[in-house]
Amino acid sequence: MAMLEIEDLHVAFPKGKKAEVEALRGVNLKLEKGERLGVVGESGAGKSMLAFSILNLIAEPGRVSQGSVVFHGENLLELSERDIRGIRGNRISMIFQDPMVTLNPVLTIGTQMVETLKAHRKISDAAARKLCIAKLKEVAIPSAESRLGAYPHELSGGLRQRVVIAIALLTDPELIIADEPTTALDVTIQAEIMALILKLCREKDVALILITHDLGIVAEVTERIMIMYAGLCVETGPTHQIIQAPHHPYSAGLLKALPQFAGRGTRLYQIPGSMPPITALPPGCAYHPRCERATELCKAQIPPLEHGHACFHPIDQTEAAS
Amino acid sequence: MTDAIIETKGIEVRFPLPTHFLSRHKPVLHALNTVDIAIRPGESFCVVGESGCGKTTLGRTIMGLQPPTAGEIHFNGQRIDQMDEGARKPIRRDMQMVFQNPYASLNPRRNVFETLAEPVRHLMPEKTGPEVRAQVEDVLAATGCDPSWQRKLPHEFSGGQRQRIAIARALVTNPAFIVADEPISALDVSIQAQILNLLNDLQAERGLTYLFITHDLSVVEHFGTRVAVMYLGRVMELAETETLFAAPKHPYTRLLLDAIPKIEGGSFENLREPGELPDPVNMPPGCPFAPRCPMAEARCRAERPELRTLANGTEAACHFAQ
């Protein structure tokens with residue numbers, strides 16, 4: 001049994017008085033210990049929704065309408081609020097996009113770190129502080145002792161995100177869910193932070209679910225990839241295999257649209273149109289209005305996820321090579 | 001200078017910072033420090049750098065949205081930085097701007113027709129009502145907008161569609177020069193390619209000159225003819241795009257290039273710790289990049305390198321660049 005198994009997960013939001021729309025429409029996911037998975041998709045594809053539902057953090061009025069999230073044999077969606085707190089922020093940690101928002105601006109770094117630790121461990125103040133300093137050193141924060149007394153605004157964006165990572169690591173989690181952890185940062189700082197996350201995950205054998213829209217980062221950091229479109233996984237498999245030979249036309253389109261693959265002065269490949277909102281999904285495969293391979297079948301039925309891709313007319317390897 | 005469409009001569013922008021009224025020390029933030037660039041007609045001149053490097057201030061200063069503290073700006077050989085609003089009006093027709101966030105740059109209460117007609121009515125008062133309408137319809141067609149959009153409000157459009165409208169607004173007065181400040185950063189990956197292609201097509205059709213401001217070097221490589229790399233208000237390297245990517249001369253340019261996540265992976269494995277930006281208010285006397293530079297020597301900390309032309313035509317502000 002895998003460490004984390006998500007089966008047929010549906011998240012629904014009410015639309016009007018009676019109807020509901022689905023932000024996730026049946027997502028399956030397996031994650032082994034120490035495995036690093038990248039979840040890629042455009043805004044509205046449901047990637048953050050997936051992350052939030054793992055820890056049962058879907059905000060009202062949304063709800064998980066179907067499916068299970070099994071972590072070490074235990075369905076997290078059935079746990080009481082009290083029981084899930086033993087897992088959330090303890091065995092599964094989260095890193096969010098903007099460290100200025102996730103850190104409390106009126107508490108010092110030290111207070112916030114000790115607080116997290118004491119919520120999950122019986123530990124003395126002195127021992128907690130010692131552990132916090134050790135964690136700050138692990139994420140390469142210079143003069144860690146003196147930083148405990150600092151407030152978030154006194155640190156730069158990169159240092160703040162390091163503090164967030166240190167907090168995520170405090171309880172030695174088995175899984176870290178990172179939701180666009182570097183989107184708010186500059187390129188050089190982004191590279192540092194991603195290199196740090198990669199190193200720590202490897203050293204401590206921590207599993208990672210990395211949510212991002214940046215295929216370059218996924219290629220650098222993850223072993224497996226899951227590409228989402230309109231609330232469904234459209235393709236999944238080993239990262240480098242998919243980047244080299246995608247089967248789903250959407251994955252292929254995303255990759256081809258990257259400027260680094262086009263010669264200078266040439267036109268970029270462009271996927272026509274944009275992703276439909278969840279309130280106005282077309283029948284059949286949600287991608288068919290934008291897809292050059294679409295047929296009548298695609299308009300009628302949702303393709304099942306088989307052999308790692310959900311497409312009736314996948315691009316096969318020989319065709320991709322030619 | 002005769003052949004440049006835009007030329008800046010030693011422009012500086014200083015922002016005084018709030019101080020205590022008794023304090024004799026008056027801190028000043030140098031947003032731009034003696035920037036000399038000359039943009040040739042028909043090129044896509046890119047400015048790259050991290051946040052706070054002054055790239056947006058440069059665009060705003062050229063557009064006349066931010067008066068320079070010192071220096072001169074010339075448009076087609078005519079000095080424009082000291083003009084009053086009245087004298088500037090005919091020039092505004094020829095210089096327009098596209099902003100980063102199409103959710104913020106369009107007036108939410110104004111329909112598309114009103115948004116597009118406003119610059120024509122204001123800057124081309126000789127135009128009659130039907131002529132204004134014709135001009136709006138022409139620019140909508142040229143930017144791939146549907147004529148039916150005219151009566152709609154911004155909230156009815158997706159991000160990519162809004163950015164098309166913002167581009168249409170910039171083009172409606174038939175300008176020769178466009179400042180595009182991170183025009184694709186707020187958009188989804190599949191939409192970014194659409195907008196970049198549109199900007200390229202429009203340039204070919206209308207002979208536009210672009211000042212393209214971005215933090216994303218992979219976009220520069222695809223889009224730019226020449227690039228200026230900025231750091232803390234100064235140009236560190238200025239080169240033809242191909243030359244810059246083939247042979248980066250400034251250590252900061254190399255740092256930026258190393259930080260791009262690569263689709264082939266592997267670049268985060270041996271990442272050098274690039275360190276943090278110095279405080280832009282209390283700048284060190286020497287090279288602004290010296291605190292982060294692996295090559296820095298005593299001379300770099302004492303003496304600021306000026307931008308100089310190297311053998312291959314690249315201009316770099318580094319004592320050791322060859």
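Student: Why is the pairing of B:Arg299 with B:Glu303 called a salt bridge?

Tutor: In this predicted model, the closest N and O atoms of B:Arg299 and B:Glu303 are 3.4 Å apart. The cut-off is a Lys or Arg side-chain nitrogen within 4 Å of an Asp or Glu carboxyl oxygen, so the pair qualifies.

Student: What makes B:Arg299 and B:Glu303 partly exposed?

Tutor: Buried means under 20% relative accessible area and exposed means over 50%. B:Arg299 has 42% and B:Glu303 has 40%, so both fall in between.

Student: How do you know that A:Arg36 and A:Glu223 meet in a salt bridge?

Tutor: Their N to O distance is 4.0 Å, and the rule asks for within 4 Å. A:Arg36 sits in strand E3 of chain A and A:Glu223 in the loop between helix H9 and strand E9, so the pair ties together parts that are 187 residues apart in sequence.

Student: Is A:Arg36 buried or exposed?

Tutor: Buried: A:Arg36 has 8% relative accessibility, and the limit is under 20%.

Student: What makes B:Arg292 and B:Glu50 a link between distant parts of the chain?

Tutor: Their side chains meet in a salt bridge at 3.3 Å, N to O. B:Arg292 lies in the loop between H10 and helix H11 of chain B, while B:Glu50 lies in the loop between strand E3 and helix H1, 242 residues apart. Both B:Arg292 and B:Glu50 are buried.

Student: Which salt bridge crosses between the chains?

Tutor: The rule finds one across the interface of chain B and chain A. A:Arg267 and B:Asp201 form a salt bridge at 2.6 Å, N to O, so the pair meets the 4 Å cut-off. There are also 12 residue pairs in polar contact across that interface. On the side of chain B that touches chain A, H7(B) gives the most, with eight residues.

Student: Why is H7(B) described as mostly covered?

Tutor: Of its 18 residues, 14 are buried, and buried means under 20% relative accessible area. H7(B) reaches 26 Å from its first C-alpha to its last, close to the 26 Å expected at 1.5 Å a residue.

Key: Residues are numbered from 1 along each chain as its sequence is written. Chains are lettered from A and ligands numbered from 1 in the order in which they are written. This is a predicted model: local features need pLDDT of at least 70, side-chain atom pairs count only at pLDDT 80 or more; totals for chains, interfaces and linings use all residues. Side-chain values use heavy atoms; hydrogens and water are left out. A polar contact is a pair of N or O atoms within 3.5 Å; within protein, one must be able to donate a hydrogen and the other to accept it, and residues adjacent in sequence count only if both atoms are side-chain atoms. Helices (H or I, at least four residues) and strands (E, at least two) are DSSP runs, numbered from the N terminus. The expected span of a helix is 1.5 Å times one less than its number of residues. Buried means under 20% relative accessible area, exposed over 50%, partly exposed in between (1.4 Å probe, protein chains only).
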